[in-house]
Amino acid sequence: MSDGTATVDDLDARLEKHRVELTGYCYRMLGSSFEAEDAVQDTLVRAWRSYDKFEGRSSLRSWLYRIATNVCLDMLNAGNKRARPMDLSESTPLAKAALSPRPDNTWLEPMPDARVLPTVEDPAEAAVAKESVRLAFMAALQQLPPKQRAVLILREVLAWRASEVAELLDTSVASVNSALQRARATLAERADSGAEASVSDPLDEEQQKLLERYVAAFEGYDMSALTALLHEDAIMTMPPFDLWLTGHDDIAGFMTTIGSACEGSRLLPVQVNGLPGFAQYKPDPEKGGYTPWAVQVLEISDGRLTGFHFFLDTERWFPLFGVPLHLEAEADQVEQG
């Protein structure tokens, strides 16, 4: 009995070792944090149940990726492509701004770095991994047919050989190469819209100072200071609302009108989608202290903020990011005192 238990425990540990990288793969495939975690759980359960049929003809890792790919392809049969607000509609001028929500499954979802980016020694490999979960790249992936998506991720992000991908997908090397070529062409067509986030890993001194100035401007609700940090074509989004704004005048105007309840907010740093971000808390007039409002994801390019994205479904996001669901006001009083 003890031998059997040891074997089960050993298999659990061997499978669990792959959870983070598999979650990263499924997240890139599905564009959803929670669907990715469900897909990985399904993958590990299937692997556990059918392990006696695993004959070791490939590595355990390759076998798990095969199962995960099939799980994701099954989930993508529904045809849903997750998107950002700017993938679905034109920018709205402030004068016409209205908050119209769309269903949760419309939106590309944020993801904590720690859940999808395995620890690696090679800085170049780490940088590629971070770039491959950034919102712009994730949104571009969603435009690819599912099998092209899998080929591109396996070949370009995970650096699998064409022969390995062909074996995983039960297809030919020529078919893999053709799919990769088409996927690259689609991504190249989309590379023109909006400035790409260019964030150092770790943040360089200039970027760190920019974030410090952003926190001071946002928490102080100083619109002139905030505007000075924004690129003139900066974009602001707020899923689940389909509204998105372009340019610092409309963004500052929104924040002092429809968004004025954010005044007096507090920000806690989080690592999200390979980019700097914050958990934002608004003042809570009923309970005192601060209540969750958004996970912010910031895009930086050439020393300015080119995009900031507010994901508002805090009941889902804050537990995922491991941040508290309430901040006490006393913390501020201690700092001030």
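The model before you is predicted, so to speak of local features requires pLDDT of at least 70, side-chain atom pairs count only at pLDDT 80 or more, and totals for chains, interfaces and linings use all residues. Residues are numbered from 1 along each chain as its sequence is written, and side-chain values use heavy atoms, with hydrogens and water left out.

I begin with Y65, which lies in helix α4, residues 60–76; helices (H or I, at least four residues) and strands (E, at least two) are DSSP runs, numbered from the N terminus. Y65 is buried, at a relative accessible area of 1%, where buried means under 20%, exposed over 50% and partly exposed in between, with a 1.4 Å probe and protein chains only. Setting aside neighbours within four places in sequence, Y65 contacts E21, L22, Y25, L154, L158, W160 and L168.

Next, T237, in strand β1, residues 230–238. T237 is buried too, with a relative accessible area of 2%. Residues up to four places away in sequence not counted, T237 touches P85, M86, L243, W244, F308, H309 and F310. Between Y65 and T237 there are 33 Å from C-alpha to C-alpha, and the two are 172 residues apart along the chain.

I turn to helix α12, residues 205–219. After the helix comes Y221, with a positive phi near 50°.

Which residues of α12 are buried? They are Q207, L210, L211, Y214, V215, A217 and F218. Their cover includes helices α13 (223–229) and α14 (248–255), together with strands β3 (266–272), β4 (275–283), β5 (290–301) and β6 (304–311).

Finally, a helix pair. The axes of α3 (residues 33–49) and α15 (residues 314–321) come within 11 Å and cross at roughly 55°; axes are lines fitted to C-alpha atoms, for helices over the stretch in contact, and angles run from 0 to 180 degrees between N-to-C directions. The two helices are therefore oblique, given that angles under 35 degrees count as roughly parallel, over 145 as roughly antiparallel, 65 to 115 as roughly perpendicular and the rest as oblique. S33, F34 and E37 of α3 meet R316, W317 and L320 of α15.

Note on methods:
Contact means heavy atoms within 4.5 Å.
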